[in-house]
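Please keep the sequence and the model open while reading.

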Amino acid sequence: MSEFEPKIVAFVCNWCTYAGADLTGTSRIKYAPNVRMIRLPCTGRIDFMLLLKAFDQGADGIIVSGCHPNDCHYTAGNFHARRRWIVFRSLLDFLGIDTRRVYFAWVSAAEGAKWAELVNLVAEEIQKLGPYDEYKNLMSRGIE
Amino acid sequence: MSELNIYKPYLMRIEKIIDEAPGIKTFRLLFVNEEEGKNFSFKAGQFGEYSVFGEGECTFCIASSPTRKGYIECTFRQAGRVTTALANREVGEIIGFRGPYGNIFPLESWEKKSLLFIAGGIALPPLRCVIWNALDWRERFKDITIIYGARTVADLVYKYELEEWSKRGDLKLITTVDPGGETPDWKGEIGFVPTVLEKASPSSENTIALVCGPPIMIKLTLPVLAKLGFKPEDTFTTLENRMKCGLGKCGRCNVGKFYVCKDGPVFTLAQLNTLPAEY
Amino acid sequence: MEIERKLLKKGSLGKLFEKITASGRRILAPVQDGENIFFKEVCSPEEVAKDYIQTTLSAKSAVFPACEKLFEYKFEGREVKIEDRDLNFKPTVIFGLRPCDARSFSALNAVFSWDYQDELFKKRLERTAVIGLSCGKADEYCFCTSVGGGPGDSQGSDILLTQIGSGDYLAEVITEKGKELVAISPELFEPAGDQDKEKYLAKLPKQFELKALSEKLPGLFNNTELWIEQSLRCLGCGACAFVCPACVCFDIQDEAKRDGGVRLRCWDSCGFSLFTLHTSGHNPREVQNQRWRQRVMHKFSYFNDRLGVIGCVGCGRCSRICPADMNLLEHLKAIAEAGK
Amino acid sequence: MEELRKKARELLESQAVKVIIGYGKGSSDQARTVFIRKPEAVDKLIQDESCVQNLAVYLLKPEVKALGKPAIVAKPAVLRTILQLASENQIKDGELVVLGISPDNKLIEFPDLKAVEDYVSGLSFEYSDADKALLEKLEKMDRAERFKFWQEQFSKCIKCYACRASCPLCYCSRCVVECNQPQWIPVAPHQVGNLEWHIVRAMHLAGRCVNCGDCGRACPVGIPVHLLGEKLAEEIFKSFGLKSGTKVQGEYALGSWKLEDKEDFIR
């Protein structure tokens, strides 16, 4: 059976986590290649619908990461995002969508190592959880 | 085959793309399946559903003349989801086409009559189809007058054909732009279509008038035509409504009890006057 | 075809279901689901809901599903390949369909086989047989008798069952399809003798004159006052159109991913503003009273003029589920009396 | 009921308002919304347990606004909705007259929205027993069971949008579902389309929904969609101490933030 390669989508903020990931690269730190990074101006811009679309397009795991509190380039983007994720995560949990597959983090531009650890951790966890078939099986249902 | 599934479009390859005006393009489409191309025929005034697979379908007329075989042309403005996707297509790509749908301009029954075409802005394509059809059967008609206006010179579509028409001796072409829309070397008229029509005042004797344009232009042109003596049953126009199927089934394009996709899009003014105010 | 009158014992329903399922047909029947009743696939009569007046949703989705594939397509580089969908649908028997719903299939068919033939719909309809169930009782929302139907009307049913005193069923075999169903298990259908069917049917007096209503409607088009008054409390949702067995309007949507996609047909409603909104922003039916007018005019005037069939079977579903209690029957009676 | 009719007659006769939005006799022992414009028609107004619909949904409807300044019969849920609409600058003092109805069907007159705020702050809000039972049942389920429960519910959804149409706080002129560039939420009522629609609706009402329950009542196929709003309202109060529909200038939970917002899942 071909080894399951998890598809992980990472929505990251341009000023901190994306720069952090750059740092990971320039410091030659190896990390799981399963992550597909999508750069957005700020975690405040990461709409919950982006996460739905990620699952819809076949993602098995999602990472959302941005600047630490008080570091936000736009001063309050991450504070708004924090509240949004608290509410969205409880909605997903209430609906039974697997919140173990959605990771939220603060990774600053200096934390290259943390980014690598995070991605490796997520890749490993999702590897254990396997593909998110529960959501993928919804795709064809309801179409006669 | 597509007859079995009435929603299945022909596959068309884009052979040529012309940038007519800002946001307006003309496509020349060839049938991917030659067989289907040969059997395909339509009449002036009919429309089709053009689909971009993955985006949806949109409705506009077939802009080329039925006398020109082997291809069809369409002109559209980039405005919504599907037309934006269409505008991003390149030569050689595949789009879908369903049709021909709707009723026609009864060109055959206008033998020995004169034809007056009045168009505004992007509404020239439905009439261009009839114009070229009439010009290919030029000897059947008395004189042909075309009055075409747009907001600015850049907004005029089919500029290359306007040139060609203006050089022909067997038709009278008046192009105009709204006041302020002219460019320094603009030789045509300056003024709104209804005023230019009144100034030109073509005779309504044994003449059919075809009018297509934005609602405001239609509203101001019809009284002028009436003043010039054009009878409502000799004044033709096309109606536009939101459409999805084009086959008289999806139920959304009706004006009163008439389906624009089946009983139209071509209507005489006489018919329009009977329609309830729902368009 | 001459209607044959048979008797079907209450006890032999189980056997009938078995034989029908064994013949490769699926059975759809009303099934209780909380406070609602939906048509679901069943194997035995025990699952079928009892003692109810009407189901929540109609059986329309058996022949005109809420979301249906028109065709699929694959992208190969710049090329597109269209793949037709397979049309051999599993033969279906709808059991327990009320006479009004059975009549609604002819309204749907009138649209789908007018001028262009919709093969998708016609194939589903062809593969569908109806074992109707007459109405023993009706509620204040029912008005089938006012639109040409009746609690025991056989039009649209292949076999019409009417439960009689003993609990057994008077079975009227109406069409060839009905005969085919009987032929699967003829031993269950005994001679009926004389049964007074009328005795077991709900009593439902006519509420308004349909012909007068259809003739009066065109004249009321511009009576904006009437349409505003009726639709002030309408919220503009699509529930009435989607539960209605005779509503046919649909939307066509494309959904694609990188390697291909599908063109879907799904239910739509004239109650929505998007239904007629032009890309330019112009909307011929801008406000709710114009849409309510369209709903009434289409069903009771345009539909009839164009296809000779009324677009309503009087099942009362739209009024039962309306969140704003828009009672269609009440409005029709008000229109019939308007200007009297 | 008599007090209400008397007050309504006064308001209409004095031209203080042009229309009374209240409840009247509906079909089969339901109540329905009535728009009383003539003083002599006030006897149509009724006030009993059958009057449940949230009348505030009509405050922003163009055809009702065209009738002129309204007076609205307002039970506690409607009062909360009015406060939430005021917080979202959809209605202002002086644009409407609020005819409050206490939980025991008594008429209360409010000179202004501030008075409504003070009155509402004294009321307690309870879920219905059915909701409590269902919420408990869902609480006991594990994740996979909850997923199965909601998927079965959403498989019934026919995308009729009665939940949106009956919600007074769903007043966007063009809903996200009606935007197709890009088409975020699939239009078709298939399984994914239904799930994403109900998630988007719940999220766009998070911190705004006042738990009137009308969306659940309006659903023709009986999906308990109002539970989503209730669950998020509970979560927001627990996490941020904010309750929608309690203040004239209320704070929108997702529009504001605090340094010390607590969470236990961000790494």
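## A buried alanine in chain C

C:Ala107 counts as buried, because 23 C-beta neighbours lie inside 10 Å, where 20 or more are needed for that label. The model is a predicted one, and in it C:Ala107 lies in helix α2 of chain C. Leaving aside residues up to four places away in sequence, C:Ala107 touches C:Ala246, C:Val309, C:Gly311 and C:Val313. The C-alpha atoms of C:Ala107 and C:Phe303 are separated by 8.9 Å, although these two residues are 196 residues apart along the chain.

## Helix α3 of chain C

Helix α3 of chain C runs over residues 119–126, and within this helix C:Leu120, C:Phe121 and C:Arg124 are buried. Seen down the axis of α3(C), the buried residues fall within an arc of 95°, so they line one face of the helix. What covers them includes β4 (67–76), α2 (99–112) and β7 (128–133) of chain C, and α2 of chain C is also the helix in which C:Ala107 lies.

## An open sheet in chain C

Four strands of chain C form an open sheet, in the order β5-β4-β12-β11, and their pairing is antiparallel. The edge strands are β5 (79–84) and β11 (250–256) of chain C, each of which pairs on one side only, while the twist from one strand to the next averages 25°.

Strands of a sheet pair through backbone hydrogen bonds, in either a parallel or an antiparallel sense. Here β11(C) and strand β12 (residues 260–267) of chain C pair in the antiparallel sense over seven bridges. The bridge partner of C:Asp254 in β12(C) is C:Arg263.

## The largest nonpolar core

The largest nonpolar core has 312 residues, and those with the most contacts inside it are A:Ile63, A:Leu91, B:Ile118, B:Leu210, D:Ile20, D:Ile72 and D:Ile82. Helix α3 (residues 77–95) of chain A gives the most to this core, with nine residues. Taking B:Leu210 as an example, and not counting residues up to four places away in sequence, B:Leu210 touches B:Phe105, B:Leu115, B:Phe117, B:Ile118, B:Leu127, B:Val130 and B:Phe236.

## Chain A as a whole

Chain A has five helices and four strands, which follow the pattern β-α-β-α-β-α-β-α-α when read along the sequence. The radius of gyration of chain A is 15 Å, close to the 15 Å that the globule rule gives for 144 residues, so chain A is as compact as a globular protein of that length. Along its principal axes the C-alpha trace of chain A spans about 50 × 35 × 20 Å, and buried residues make up 51% of the 144 residues in the chain. Among contacts in chain A between residues at least 6 apart in sequence, 83% join residues at least 24 apart.

Chain D contains ten helices and five strands. Its radius of gyration is 20 Å, close to the 18 Å that the globule rule gives for 267 residues, so chain D is as compact as a globular protein of that length. The C-alpha atoms of chain D fill a box of roughly 60 × 45 × 40 Å, taken along the principal axes, and 47% of its 267 residues count as buried.

The contact between these two chains takes 34 residues from chain D and 33 residues from chain A. On the side of chain D that touches chain A, the elements that give two or more residues are α6 (143–156), α8 (191–205) and α10 (226–240) of chain D, and the largest share of that side, eight residues, comes from α8(D).

Technical notes. Residues numbered from 1 in each chain as written. Chains lettered and ligands numbered in written order. Predicted model: local features only at pLDDT ≥ 70, side-chain atom pairs only at ≥ 80, totals over all residues. Buried ≥ 20, exposed ≤ 12 C-beta atoms within 10 Å, placed from the backbone. Arc of directions from axis to C-beta. Contact = placed C-beta atoms within 7 Å. Core = buried A, V, L, I, M, F, W, Y, C linked by C-beta atoms within 7 Å. Pairing = 2+ DSSP bridges. Axes fitted to C-alpha atoms, helices over the stretch in contact; angles between N-to-C directions. Rg over C-alpha atoms; globule rule 2.2 N^0.38 Å.
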